[in-house]
There are 2 protein chains.
Amino acid sequence: MIRARWASLLLLLPTVPASAQVMPWIEANRARILADYVELLTIPNVAGDIPNIRRNADHIVGMMRARGLSPRLLETGDPSAAPAVYGEWLVPGATRTLVLYAHYDGQPVAPEDWKSGPPFTPVLRSERMDKGGEVLELPSESAAIRPEWRLYARSASDDKAGVMAIIAAVDALKAAGKRPSFNLKIFLEGEEEAGSPNLAAMLAKHRELLRSDGWVIFDGPDHPSGAGQVVLGVRGVVGVDLAIYGPVRPLHSGHYGNWAPNPAMMLSRLLASMKDEKGRVAVAGFYDDVVPLTDRERKAVEAVPSVDDRLREDLGLAATEGDGRSLAALIQEPSLNVGGIRSADVGESGRNVIPTIAEARLDLRLVMGNDHVRQVQKLVRHIEGQGYKVLDRAPTMAERRQWPMIATVKAGSGYNAERTSLDAPLATSVIAATRDHGATVILPTMGGSLPLFVLRETLAVPSVGLALANHDNNQHAEDENLRLGHLWRAIDVAAAVMTMR
Amino acid sequence: MIRARWASLLLLLPTVPASAQVMPWIEANRARILADYVELLTIPNVAGDIPNIRRNADHIVGMMRARGLSPRLLETGDPSAAPAVYGEWLVPGATRTLVLYAHYDGQPVAPEDWKSGPPFTPVLRSERMDKGGEVLELPSESAAIRPEWRLYARSASDDKAGVMAIIAAVDALKAAGKRPSFNLKIFLEGEEEAGSPNLAAMLAKHRELLRSDGWVIFDGPDHPSGAGQVVLGVRGVVGVDLAIYGPVRPLHSGHYGNWAPNPAMMLSRLLASMKDEKGRVAVAGFYDDVVPLTDRERKAVEAVPSVDDRLREDLGLAATEGDGRSLAALIQEPSLNVGGIRSADVGESGRNVIPTIAEARLDLRLVMGNDHVRQVQKLVRHIEGQGYKVLDRAPTMAERRQWPMIATVKAGSGYNAERTSLDAPLATSVIAATRDHGATVILPTMGGSLPLFVLRETLAVPSVGLALANHDNNQHAEDENLRLGHLWRAIDVAAAVMTMR
């Protein structure tokens, strides 16, 4: 239905403006764009930190107002939910409406792990820090700025880069006297890194305002070859917090060792049971629901340039999982990842104790056919199969005395995978418009996640993603960074999309 | 040789003073003793923190000087080593010399985990905190002090309680006009919790000063039944820091998950391989060197009152390891304990990353026949057997590219187990003297560790331990505490030992 409607619209389109050539303007204005961007990055944006999230939203509203984009905050009505920032550039006579999406919130930070500097004090470096990049002053002249420079800060790449690319592309079009080839709506989410818990409610509430023919998503890293990526789909994701219990108080490992059960050892055994040595998930039925790729999608995956050897070399890996299969092929499958484990302390703070609790952070990635609730259920059944009583909260003392092995499993608000067909007009249009601007890799599904499923479910629109940040950006971790050449390209691509046929 | 010499000394002994009845004096002076003790506990004493360790040593020298114990600091000559505090009370005509030992250093602290208050701000509570114990002012009158009160601070029980018991017992004897039944030497170690890395050098250097017929060790918790314990032996111990490596920088779990090896999962698998489900260590040869208990020792273990059911109830454990065998029996065996694990973050700080490193802290406990170097070698061979290249330092980039699985294994300075025969005169003497003062459980080997092996190796003397702190003291962990009734008993027992036949 979507496809037919889009196709008929294409047939009705008047002649639209040719793609704007905005790179010269971008290059002439690099210093100013960079200064604006640094200002945006200094506002802490950890998802869920609502007071600071609102400071970001207000700042972005100010940036949009200065560009005449009629900005406003969209709310769900729930004061604990982050607002989205909405703006628009309506074009008289336009027969299409598209929404450009980015998100302005970021992943949590562990400041003590940041070597470059505090996560919300942006630092400019002459190249990647671990390759010797030195700290630079913010330049006042555009000519001095080198593409290999890196800007270090939380969300420098994920995903304030998307926000900045869209806003600067508007500047570039205006400077060139151009306008978009469709009614342009901008939707900037404020809680993507928290799993978009309120996105469905937000979209449903503002359904009329957000009416469109499709969404283009600016988020994610480029291909390790350096090519920008057009992404037709994303994996779904659901986070799971897991806790295993030992004695109610920490015990001296000498006086009680090899008598009291050790939750760190129990957690290790449980995690080890979840995957085999080749990295295949051993949870029963984990791969059962998967909808296979079409022939055309499979060929697209095979056409992705192989960078596995280079990546292994760069990352210091002598071998990778999946029995020799390529990265591009493996991310078409559901996964189970251990994002963190913790029990008592190690290193200088390590002590000879039996810990009281051992915790793990897991994330499950989903592909087409998987359902996030069902996937967690499979995991719970697996944990039960290992002998555990599974609870969704900490056990009571009575429960501890009753069950020898207790696991608390708390799933976050997840969402399913989404994929737009390679044959869909929106896909065809974006691929054609961005090919000459550096986005040459076509991925049926990227490894990361975006709540595109929610768009399909709530608004019945297709979506296409553009992944343009440097792949070595430390996204989600300490020392996140953006290569400046990649920022300029992202702006250029955003302008190309805004003026696409 | 030792045994014969000691026995002949016993035959030659003149009539020695009867055991002093000092409890009335202790009870009348509880407020003053408590105030002195709180002052000692406010000085941070994490093993290895040499400036603060020296502040402790100087403070204790002051306490001993006030009691006429001719104190001095013993040094090894290495400025990075902690001094020991030495004092003495020589008795004209005495034919025996004994050394009383305690240690004034403490385990590391993670202040954020302490619920009672900062670890070096002692807090007095009306009972155990998790049973509702409320904060109390330090009392000015002894009569008001209740035995069930608890003093919370690092080393409140382990082992400044030993230091305080010895010093207060000297006060008690002097107040009663008594003197020890032997030349009394006091040796207070300052790096026991660091594994006593310099103890052998210290003892060798001060061999003449420390010449004695035996050592009595004040350290360790009482039996969970509440009875004080005479401990004939201790397990040896060696700490092992283990690190497993993933990619050199943290990776987004979506874009690289199920391709890049995950060190948290690798560590889990490795740890799980080290023990079976019943808690038996699966490292080849782990139990091979063990010297079995004698019949008399085995009977002593069987005579230890069983508190397993009560402990399980108190600790919230539905089951324990060792296939149903008792705590007293299990601590006669070598063990492998996971004291802590850490990779990236969990809970609120958890992120969807593939971590770069996963770390574990292990401790191996040893019994008679084990050797700490050999036991670590067995563990290293086990890790190699799981497919790892084992290094004693972090890998280079070239090594990461060469070996798919790399583990760094760093063993601390460990020591072996030690056991004094139940038939030894020192054992007989201590058992007889302390039986009526609450030390009624006789343990051939306690679960915890003390460097008594070093005493035997360096000075060729036997040793007997007295373990008197409350067993639920959170020793080595957050919220360490001492029950005040146990402090008074420890002083009483120390006085009984000083005047034993």
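Helix packing and burial in a predicted model

The buried residues of α15(B) pack against α6 (199–205), β8 (215–218), β10 (233–245), β17 (418–419) and β20 (463–467) of chain B. The model is predicted.

Biologist: Which residues of helix α15 (residues 452–459) of chain B are buried?
Modeller: B:L452, B:V454, B:L455, B:T458 and B:L459.

Biologist: What puts them on the same side of α15(B)?
Modeller: The arc they cover around the axis is only 150 degrees, so they lie on the same side of α15(B).

Biologist: What follows α15(B)?
Modeller: B:A460, with a positive phi near 55 degrees.

Biologist: Why is α4(B) called roughly parallel to α5(B)?
Modeller: The axes of α4 (residues 50–66) and α5 (residues 160–175) of chain B cross at roughly 15 degrees and come within 11 Å. Angles under 35 degrees count as roughly parallel. Therefore α4(B) is roughly parallel to α5(B).

Biologist: Which residues make the contact?
Modeller: α4(B) brings B:N56, B:I60, B:M63 and B:M64, and α5(B) brings B:K160, B:V163, B:M164 and B:I167. By class, six are nonpolar, one is polar and one is charged.

Biologist: Now chain A. Why is A:A243 called buried?
Modeller: Buried means under 20% relative accessible area. A:A243 has 8%, so A:A243 is buried. Its place is in strand β10 (residues 233–245) of chain A.

Biologist: What is A:A243 in contact with, leaving aside its neighbours within four places in sequence?
Modeller: A:I357, A:A358, A:E359, A:I406, A:A407 and A:T408. A:A407 is 164 residues from A:A243 in sequence, yet 5.6 Å apart in space, C-alpha to C-alpha.

Definitions and conventions. Residues are numbered from 1 along each chain as its sequence is written. Chains are lettered from A and ligands numbered from 1 in the order in which they are written. This is a predicted model: local features need pLDDT of at least 70, side-chain atom pairs count only at pLDDT 80 or more; totals for chains, interfaces and linings use all residues. Side-chain values use heavy atoms; hydrogens and water are left out. Axes are lines fitted to C-alpha atoms, for helices over the stretch in contact, and angles run from 0 to 180 degrees between N-to-C directions. Helices (H or I, at least four residues) and strands (E, at least two) are DSSP runs, numbered from the N terminus. Angles under 35 degrees count as roughly parallel, over 145 as roughly antiparallel, 65 to 115 as roughly perpendicular and the rest as oblique. Contact means heavy atoms within 4.5 Å. Ala, Val, Leu, Ile, Met, Phe, Trp, Tyr, Cys and Pro count as nonpolar, Asp, Glu, Lys and Arg as charged, and the others, Gly among them, as polar. Buried means under 20% relative accessible area, exposed over 50%, partly exposed in between (1.4 Å probe, protein chains only). The arc is that of the directions from the helix axis to the C-beta atoms.
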